[in-house]
Amino acid sequence: MDISQIINELGEDRENYFNAVAPPIMQTSNFTFKKVADLYKAFEDEMSSYLYSRGLNPTVDILRKKLAALDGAEDCLVFNNGAAAIFAGIFANIKSGDHIVSVAKPYTWVQKMFDVILPRFGVTVTYIDGTTIANWQNATKDNSTFYYLESPNSWDFAIQPIKEVAALARSKNITTLIDNSYCTPLYQKPIEMGIDIAMQTATKYIGGHSDTLGGVLSGTKTMIKKIFDSEYLNIGSGIQPFNAWLLIRGLRTLPARIERITKSTAAVVAFMQQHPKVKCVLFVGDPSFSQYELAKQQMKGACGLFTFVLKTSEMSSIVRFCESLQHIMMAVSWGGHESLIIPKCAGLKEEDFDPSNKEHRYIRMYVGLEEPEYLIKDLEQALDII
Ligand SMILES: *Cc1c(COP(=O)(O)O)cnc(C)c1O
């Protein structure tokens, strides 16, 4: 289906709500029944009708249809945030005694799930450099049942050969989940590449305005029902109707925003690359990126996030640079209208900062919707100060 049709029409039933262009927010906790038999059916299969908004809700359903279609998936579920989506997607597919192979340095809260929560249930995790298929092969044990991918990673942008990892998993009956937040389905289609569950945080690009959170899991109808029947309903981490409505609104402009951010990111990256105080720039869409060839094969584009290292190895200079920015704000997250910066050292105690460890010197930037010249001027004056 045409992307414009998905975004503007799919899932909408305007004749049922006064031909309004924007859908109503069905802000209701529950739904009434006239027949006991119908209620019985809803109890038996909560995915078969509207019963209670912890399960299905009509506003959320509009969003589900659009997001599943964008992913090229049969179905999807939308959670209250990305972390909840990942938690449910993993939890629904593992049991005590299982082993997970995961990319090194996955998203913070995934790492926490793997290191703190899953050991309590007898599930073990091996972290690997996921850039080569051999590493996946070598890490796989007899009790491996789950592969966790994040491509690209949101700090160093390491990518995995997705098709090969998916094929290896299929041959061993292993379930795969990929965090596709960096690309969104506009720039990467993991389901088409054989991945079982495509995840993205809707907090970032789908919302696009830094005013709501959301998380998405897409997959087959069978997989999505399995997650719905247990983790989704049990943990109660589904998105609320108003937040779903904000995400539908965000979706309307997603392609336009991604197009603009792609252009602006290229301009900002080019400026940083030539600046004498910048040691290196990591941008997955740049020919200098170590996995550029693979990125070109499996991604339609790259934008927004990139990381750079300043020539100075002083933590105080990194801090001064970040604090000298006048317009680019310092904050976690990304994908909104506003450009952001975050230094890796913000997560380190000062005495643990090791200048010889390049990662400690990482500064990640997200390019938002401002004029690129405005951002470049801000970066330039902050670079002048250090
Ligand atoms: C933000 C983020 C998440 C988590 O999403 P939330 O909506 O914040 O819970 C997961 N993966 C990546 C790569 C992210 O940047």
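How many residues surround the ligand, and which are the closest? In this predicted model, 13 residues surround the ligand. The closest are G82, A83, D179, T203 and K204.

## Ligand contacts

A polar backbone atom of G82 is 2.7 Å from an oxygen atom of the ligand. At A83, a backbone N or O atom lies 2.8 Å from a ligand oxygen atom. D179 uses its side chain: a polar atom there lies 2.6 Å from a nitrogen atom of the ligand. These pairs fall within the 3.5 Å cut-off for a polar contact.

The protein buries 92% of the 370 Å² that the ligand exposes when taken alone.

## Pocket and shell

Where does the ligand sit? The space taken by the ligand is the largest pocket.

Seven of its residues are polar. Three are nonpolar and three are charged. D179, one of the closest residues, provides the side-chain atom that lies 2.6 Å from a ligand nitrogen.

## Overall fold

The chain holds 14 helices and 12 strands. Its C-alpha trace spans about 75 × 55 × 40 Å along the principal axes.

Does the radius of gyration of the chain agree or disagree with that of a compact globule? The chain has 386 residues, so a compact globule would have a radius of gyration near 21 Å. The value for the chain is 22 Å, which agrees.

Key: Residues are numbered from 1 along each chain as its sequence is written. This is a predicted model: local features need pLDDT of at least 70, side-chain atom pairs count only at pLDDT 80 or more; totals for chains, interfaces and linings use all residues. Side-chain values use heavy atoms; hydrogens and water are left out. A residue is near a molecule or strand if one of its heavy atoms lies within 4 Å of it. A polar contact is a pair of N or O atoms within 3.5 Å; within protein, one must be able to donate a hydrogen and the other to accept it, and residues adjacent in sequence count only if both atoms are side-chain atoms. Accessible areas come from the Shrake-Rupley method with a 1.4 Å probe; for residues, only the protein chains shown count as cover. On a 1 Å grid over the protein atoms alone, a cavity is a set of points where a 1.4 Å probe fits but cannot get out, and a pocket is an open set with protein on both sides within 12 Å along at least five of seven lines; lining residues have an atom within 4 Å of a point. A molecule sits in a cavity or pocket if more than half of its atoms lie within 2 Å of its grid points. Ala, Val, Leu, Ile, Met, Phe, Trp, Tyr, Cys and Pro count as nonpolar, Asp, Glu, Lys and Arg as charged, and the others, Gly among them, as polar. Helices (H or I, at least four residues) and strands (E, at least two) are DSSP runs, numbered from the N terminus. The radius of gyration is taken over C-alpha atoms; the globule rule is 2.2 Å times the number of residues to the power 0.38.
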